[in-house]
Amino acid sequence: LLLLFMSKECVESIFLEFNLLDVPCLKMALSKALGYAIVLGSVLVKFPQILKIYSSGSVIGLALSTFLLETFCAMINVAYNYAQGFPFSTWGENFFILL
C-alpha cells in the first residue's frame, strides 16, 4: 500500500532507516496522496447529479452539448495521459468523470 504513494527507496529510507525528514520522499508522498484524493473526489462529484436523474427518471434540463463537450474533453485528457504513461493519480479524475 505504501508503494502507491512513494518509491521503494523512500519506503526504506523513512520506515527502515527512520529518516523521517527525507524531504524529497515526503514531497513525493504528499503529491501522490493529493492526486489520489482528487481522484476520489471526482468519483463523488457527479454523484448528486446521478441521484437527481435517477430519482426523477428524466434528464430534462441537461444540455446535450455540455455533456458531449465535457465527455470529449475528458476522453482526450485520459487518452493523452495514458498514452504518455503518466501515473493514474495524475489523470484518474477524468477517467471517473467519463464513467
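**A salt bridge, a pocket and a core**

The side chains of E70 and K46 form a salt bridge, with 2.9 Å from N to O. The model is a predicted one. The salt bridge count comes to 1. Side chains of opposite charge can pair when their charged atoms come close.

Where do the two partners lie? E70 sits in helix α4 (residues 64-84), while K46 belongs to the loop between α2 and α3 (47-56), so the pair ties together parts that are 24 residues apart in sequence. E70 has 32% relative accessibility, so E70 counts as partly exposed. K46 also counts as partly exposed, because its relative accessibility is 22%.

Both residues turn up again at the largest pocket. The volume of this pocket is about 530 Å³. Its lining has 19 residues, and those closest to the centre are K46, Q49, F67, E70 and I97. Four helices, α2, α3, α4 and α5 (88-98), each give at least two residues to the lining. The largest share, 5 residues, comes from α4. By class, the lining holds 13 nonpolar, 4 polar and 2 charged residues.

In soluble globular proteins, nonpolar side chains tend to be buried together. Here the largest nonpolar core has 6 residues: M6, C10, V11, I14, C25 and A29. The largest share, 3 residues, comes from α1.

What does I14 touch, leaving aside its neighbours within four places in sequence? Its contacts are M6, N19, L20, D22, C25 and L26.

Note on methods. Residues are numbered from 1 along each chain as its sequence is written. This is a predicted model: local features need pLDDT of at least 70, side-chain atom pairs count only at pLDDT 80 or more; totals for chains, interfaces and linings use all residues. Side-chain values use heavy atoms; hydrogens and water are left out. A nonpolar core is a set of buried Ala, Val, Leu, Ile, Met, Phe, Trp, Tyr and Cys residues joined through side-chain atoms within 4.5 Å. Buried means under 20% relative accessible area, exposed over 50%, partly exposed in between (1.4 Å probe, protein chains only). Contact means heavy atoms within 4.5 Å. A salt bridge is a side-chain nitrogen of Lys or Arg within 4 Å of a carboxyl oxygen of Asp or Glu. On a 1 Å grid over the protein atoms alone, a cavity is a set of points where a 1.4 Å probe fits but cannot get out, and a pocket is an open set with protein on both sides within 12 Å along at least five of seven lines; lining residues have an atom within 4 Å of a point. Grid points are joined across faces, edges and corners, and a volume is the space filled by probe spheres set on the points. Ala, Val, Leu, Ile, Met, Phe, Trp, Tyr, Cys and Pro count as nonpolar, Asp, Glu, Lys and Arg as charged, and the others, Gly among them, as polar.
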